[in-house]
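Thanks for coming, everyone. Let me put the structure on the screen, and then we will walk through it.

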Amino acid sequence: MRCAQFPKSFSLLGLVFLTLSSCATNQVDKMPASLTPPPDQKMILQAMGEGVQTYTCEKSGDDAYAWVASGPVADLYDGTGNALASLTQGPRWSTPEGSAITGVVVASAPALKEDEDIPWVLWKRGDATGKGILARVTSIRQIRTRGGLAPAKGCTAEKVGKITKATYAATYQFFAP
């Protein structure tokens, strides 16, 4: 695979991530079997995502509090830095031409650095709208994640309802029959 050049508008984190994910294959070699789409599906699109994972402080037990995931917000780019799609809570992927899909979790696996990075995930397509590229998609995979974990502490009774955001990057692969 050849390394792509990226525009100067990318953040340093995004540039480092995209360069690593474009040039490295060792993470794909360690792909958990549970994250493999059905055999009749082939990858039709790959995008590099950069955004934030949002967490809300909630009471999780009698005297326990935890940061609970509210969802991602990210922009997805092709290998040359062109905007392809956006990702919002749901999860919901949408493209500028009007196609959109939601995802239903099929499987999840720890990231290679699970104490630093959000998990890898395989979704099957839920609802779909529009007639663009996403209309054909039947599976979505999030791999090569960097960052995005909730804070390890700081959620207390005084902070219930407060929101925090953690930056992350990931590779998204879209599959269709």
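In what order do the elements of the protein chain run from the N terminus on? They run α-α-β-β-β-β-β-β-β-β. That makes two helices and eight strands in the protein chain. Helices (H or I, at least four residues) and strands (E, at least two) are DSSP runs, numbered from the N terminus.

A word on the ground rules. This is a predicted model, where local features need pLDDT of at least 70 and side-chain atom pairs count only at pLDDT 80 or more, while totals for chains, interfaces and linings use all residues. Residues are numbered from 1 along each chain as its sequence is written, and side-chain values use heavy atoms, with hydrogens and water left out.

Now the fold. The eight strands form a closed barrel that runs 1-2-3-4-5-6-7-8, with antiparallel pairing. Two strands pair if DSSP finds at least two bridges between them. From one strand to the next, the twist averages 30°. For that angle, axes are lines fitted to C-alpha atoms, for helices over the stretch in contact, and angles run from 0 to 180 degrees between N-to-C directions.

Let's walk part of the barrel. Strand 4 and strand 5 (residues 100-109) run antiparallel, joined by three bridges. Here Trp 93 has Ile 101 in strand 5 as its bridge partner. Next, strand 5 and strand 6 pair over eight bridges, again in the antiparallel sense. Ile 101 turns up here too, with Ala 128 in strand 6 as its bridge partner. Then four bridges join strand 6 to strand 7 (residues 139-147), also antiparallel. Val 121 stands opposite Gln 142 in strand 7.

How many aromatic pairs does the structure hold? It holds three. Rings of Phe, Tyr and Trp (its six-membered ring) pair if their centres lie within 6.5 Å; planes under 30 degrees apart count as stacked, over 60 as edge-to-face and the rest as tilted.

Take Trp 93 and Tyr 172. Their rings are edge-to-face, 6.4 Å centre to centre, with 70° between the planes. Trp 93 lies in strand 4 (residues 92-94) and Tyr 172 in strand 8 (residues 163-176), so this pair ties together parts that are 79 residues apart in sequence.

Trp 93 also pairs with Phe 174. The ring centres are 6.2 Å apart and the planes are at 90°, so this pair is edge-to-face. It links distant parts of the chain, with Trp 93 in strand 4 and Phe 174 in strand 8, 81 residues apart.

Phe 174 counts as buried at 1% relative accessibility. The cut-offs: buried means under 20% relative accessible area, exposed over 50%, partly exposed in between (1.4 Å probe, protein chains only). Across the 177 residues of the protein chain, 41% count as buried.

Ring pairs link Trp 93, Trp 123, Tyr 172 and Phe 174 into a cluster. Trp 123 takes us to the next stop.

That stop is the largest pocket, with a volume of about 240 Å³. Of its 17 lining residues, the closest to its centre are Gln 53, Gly 71, Pro 72, Trp 123 and Gln 142. On a 1 Å grid over the protein atoms alone, a pocket is an open set of points where a 1.4 Å probe fits, with protein on both sides within 12 Å along at least five of seven lines; lining residues have an atom within 4 Å of a point. Grid points are joined across faces, edges and corners, and the volume is the space filled by probe spheres set on the points.

Which strand gives the most to this lining? Strand 2 does, with four residues. By class, the lining has 11 nonpolar, six polar and no charged residues. Ala, Val, Leu, Ile, Met, Phe, Trp, Tyr, Cys and Pro count as nonpolar, Asp, Glu, Lys and Arg as charged, and the others, Gly among them, as polar.

Two backbone details to finish. A cis peptide bond joins Gly 90 and Pro 91, with omega at about -5°. Pro 91 lies in the loop between strand 3 and strand 4. Over in strand 7 we find Arg 144. Its phi is near 50°, a positive value in a residue other than glycine. Arg 144 counts as buried, at 6% relative accessibility.
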